[in-house]
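Subject: Structure for your files, with notes

Hello,

The structure is placed just below, and my notes on it follow. Please read them with the model open.

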Amino acid sequence: MAGNTVTRADLGDAVYQEIGLSRNDSAKLVEHVLGEICDALVSGENVKISSFGSFMVRQKGERKGRNPKTGEEVPIL
């Protein structure tokens, strides 16, 4: 995995190399795991993966933004 950004393809390739699943099955596994994380977050759950990190949806307050074409101020929710 080279570079600063890890992509789905990079994760699939790492699974392929480390576990030995086919490339197709490795990609499916990565998609399934990411889908499960997304589903949990959408349903309001927090996700904690031990020795890796925690994921949670945060509610942020409204702020003012500006339309770059018109300069008009608009609320960003």
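What is the volume of the largest pocket? The volume of the largest pocket is about 230 Å³. Before the rest, two points on how to read these notes. This is a predicted model, in which local features need pLDDT of at least 70 and side-chain atom pairs count only at pLDDT 80 or more, while totals for chains, interfaces and linings use all residues. Residues are numbered from 1 along each chain as its sequence is written, and side-chain values use heavy atoms, with hydrogens and water left out.

The pocket

A pocket here is an open set of points on a 1 Å grid over the protein atoms alone, with protein on both sides within 12 Å along at least five of seven lines. Lining residues have an atom within 4 Å of a point. Grid points are joined across faces, edges and corners, and the volume is the space filled by probe spheres set on the points.

The lining of the largest pocket consists of Leu 11, Val 15, Leu 29, Val 30, Val 33, Leu 34, Ile 37, Ile 49, Phe 52 and Phe 55. Helices are DSSP runs of H or I with at least four residues, strands are runs of E with at least two, and both are numbered from the N terminus. The most comes from α2, with five residues. By type, the lining has 10 nonpolar residues, no polar and no charged ones. For that count, Ala, Val, Leu, Ile, Met, Phe, Trp, Tyr, Cys and Pro are nonpolar, Asp, Glu, Lys and Arg are charged, and the others, Gly among them, are polar.

One of the lining residues is Ile 37, which sits in helix α2. Ile 37 is classed as buried because its relative accessible area is 15%; buried means under 20%, exposed over 50%, and partly exposed in between (1.4 Å probe, protein chains only). Ile 37 and Lys 48 are 11 residues apart in sequence, and their C-alpha atoms are 9.5 Å apart in space.

The nonpolar patch

On the surface, Ile 19, Leu 21, Leu 29 and Val 33 make up a nonpolar patch with about 330 Å² of accessible area together. Patches take residues with over 30% relative accessible area and no salt bridge, joining like charges within 9 Å and nonpolar side chains (Val, Leu, Ile, Met, Phe, Trp, Tyr) within 5 Å. The areas come from the Shrake-Rupley method with a 1.4 Å probe, and for residues only the protein chains shown count as cover. Ile 19 belongs to helix α1 (residues 8-19) and is exposed, at 61% relative accessibility.

Salt bridges

How many salt bridges does a search of the whole structure find? The search finds four, where a salt bridge is a side-chain nitrogen of Lys or Arg within 4 Å of a carboxyl oxygen of Asp or Glu.

Arg 23 pairs with Asp 13, with the closest N and O atoms 2.7 Å apart. This pair links distant parts of the chain, with Arg 23 in helix α2 and Asp 13 in helix α1, 10 residues apart. Arg 23 is exposed at 51% relative accessible area, and Asp 13 is partly exposed at 26%.

Glu 73 has a salt bridge with Lys 64, at 3.9 Å between the closest N and O atoms. Glu 73 also meets Arg 66 in a salt bridge, at 3.1 Å from N to O. Through shared partners, Lys 64, Arg 66 and Glu 73 are joined into one network. Lys 64 is exposed at 68%, Arg 66 is exposed at 54%, and Glu 73 is partly exposed at 44%.

Ser 51 lies in the loop between β1 (47-49) and β2 (53-55). Its phi is near 65°, a positive value in a residue other than glycine. Ser 51 counts as exposed because its relative accessible area is 82%.

Glu 72 is in the loop between β3 (63-66) and β4 (73-76) and is partly exposed at 49%.

Arg 63 is in strand β3 and is exposed, with a relative accessible area of 54%. Arg 63 and Leu 77 are 14 residues apart in sequence and 6.8 Å apart from C-alpha to C-alpha.

Regards

Notes: 1 Å grid on protein atoms, 1.4 Å probe; cavity = no way out; pocket = protein on both sides within 12 Å on 5 of 7 lines; lining within 4 Å.
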